[in-house]
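Try each task before you read its solution.

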Amino acid sequence: MDIKIQGGKSIKGEVETHGAKNCVTKELVASLLTSSECVLENVPDIIDVSLTLDMITALGGKVERKDRSCVVRTSNIKLMKRSEIDSFSGKSRVPILLCGPLLARLGEVFVPSLGGCNIGPRPIDFHINALKSLGAIVEENEDGLYLKADGLMGAKIALDYPSVGATEQVLLSSVLAKGKTVLSNAAVEPEIIDLVSLLQKMGAEISVDTDRQITIVGVEKLHGYRHVAMPDRLEAVSWACAAIATGGEVLVKDARQKDMITFLNKYRQIGGGFEVRDNGIKFWRETDIVKPVFIETDVHPGFMTDWQQPFVVVLTQADGVSIVHETVYENRFGFTETLNKMGAKIQLYRDCLGGMSCRFGQRNYLHSAVIVGRTPLKAGKIVVPDLRAGFSYIIAALIAKGVSQIQNINIIERGYEDFVGKLTSLGVDVCS
Ligand code: EPZ
């Protein structure tokens with residue numbers, strides 16, 4: 001699907017944000033750990049949530065959605081049919097997290113090849129190694145992964161890098177395993193802590209210790225949950241960037257300051273203004289010009305890799321040279337080619353520019369960017385390659401004078417609820 005955006009106008013108004021995509025999907029998977037009823041509140045209406053619910057339904061679960069609530073009952077679950085498995089192939093990264101719950105409930109699971117954003121290789125070796133450590137037998141073939149286990153056993157697991165998905169994998173697999181699991185070098189993103197809180201409500205015994213260590217003592221049975229998912233800080237940041245880039249003003253309802261401290265510091269450094277209110281955060285441009293900055297993406301509590309793309313678009317409007325060093329993904333600057341075609345001046349480098357040397361430094365990855373501003377952007381035809389890059393192109397189209405045509409907006413709908421409606425409510429001329 002395509003949309004056309006008339007750029008060159010400031011955006012003004014308010015938007016609502018709901019449960020975080022990267023939390024809600026995993027919390028829905030957690031409902032498979034119990035045969036009791038689970039209720040998740042603040043669920044956004046986005047494609048990745050619908051896909052997760054379709055997966056639970058295909059596994060025999062019953063799902064009811066009413067407004068922002070989602071009630072899931074998985075008292076009778078079964079393995080999916082081959083045709084059902086294939087229908088989920090390549091669409092999302094969530095299926096890999098079915099392993100723990102389904103091994104606990106059914107003793108076996110087949111995981112189709114994964115989808116998700118096209119931002120580099122995205123291996124799953126940490127997941128597989130962790131599952132093997134917990135006692136799963138894993139067979140890999142070109143269609144996906146087949147795993148079986150006669151009950152998982154707690155283990156000591158050390159991640160090579162604090163991977164969000166692998167940490168969630170260990171949590172969801174070890175809560176019902178026999179004995180104690182000690183996970184070191186774990187990710188501690190707020191979305192993970194939200195999942196830990198939910199699992200604790202279900203009866204799990206988990207402690208988040210110092211130095212990225214998480215200890216899980218397996219229990220025999222978990223019960224249902226009632227939980228309100230944390231707000232989407234990635235969506236909040238996207239609108240904040242749109243506000244400063246267009247010289248506009250946006251109140252992001254329900255945005256939560258404590259999850260965005262690092263972003264807010266950088267926002268202020270480049271000339272962004274914000275006011276933390278009881279019902280959200282209001283964002284605007286404080287200074288006449290946007291100021292250049294140095295950014296290094298990192299795991300929490302660092303500057304998130306998912307904030308990088310919208311921020312880079314803002315930095316094309318900064319008065320001077322900015323540097324962005326991407327240390328989480330080796331290949332997350334592909335989207336800058338389109339920005340350069342629109343008039344931006346962004347040069348990519350293989351070196352670790354500006355700060356620490358990262359694990360991509362000695363290898364052949366273009367993972368640092370130098371952005372020379374300020375450059376006017378030209379409207380044009382834009383094809384969305386992945387979710388966050390997609391929203392960053394929306395911001396570029398808002399800045400550009402003229403009408404931009406944006407193709408593949410369904411990719412943006414994977415993680416942004418009704419973003420076209422929200423743009424319209426902020427005064428943007430959008431048509432299909
Ligand atoms: C999650 O991906 C998010 N996705 C990503 O958001 C986010 O960018 C990322 O965490 C980092 O915050 C979801 O939650 C669905 P990782 P995930 O495992 O869990 C390497 C978005 O736009 N790695 O923390 O897949 C990996 O290659 C998406 O919403 C391995 O080497 O990310 C990467 O370099 C995009 N082996 C690094 O770790 C593994 O087995 C971090 O990845 C796993 C990961």
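**Exercise 1: the sheet**

The open sheet has four strands in the order β9-β10-β12-β11, with mixed pairing; strands pair if DSSP finds at least two bridges between them, and strands (E, at least two residues) and helices (H or I, at least four) are DSSP runs numbered from the N terminus. This is a predicted model: local features need pLDDT of at least 70, side-chain atom pairs count only at pLDDT 80 or more, and totals for chains, interfaces and linings use all residues. Residues are numbered from 1 along each chain as its sequence is written, and side-chain values use heavy atoms, leaving out hydrogens and water.

Task: which are the edge strands, and which helix packs on the sheet?

- Step 1. β9 (156-158) and β11 (205-208) each pair on one side only, making them the edge strands.
- Step 2. From one strand to the next, the twist averages 15°; angles run from 0 to 180 degrees between N-to-C directions, with axes fitted to C-alpha atoms, for helices over the stretch in contact.
- Step 3. Helix α6 (residues 164-174) packs on the sheet and touches β9, β10, β11 and β12, contact being heavy atoms within 4.5 Å.

**Exercise 2: two helices**

Task: at what angle do α10 and α12 pack?

- Step 1. Helix α10 (residues 305-315) and helix α12 (residues 387-399) pack at about 15°, their axes 8 Å apart.
- Step 2. The two are therefore roughly parallel to each other (angles under 35 degrees count as roughly parallel, over 145 as roughly antiparallel, 65 to 115 as roughly perpendicular, the rest as oblique).
- Step 3. On α10, the contact uses Asp 306, Gln 309, Pro 310 and Val 313.
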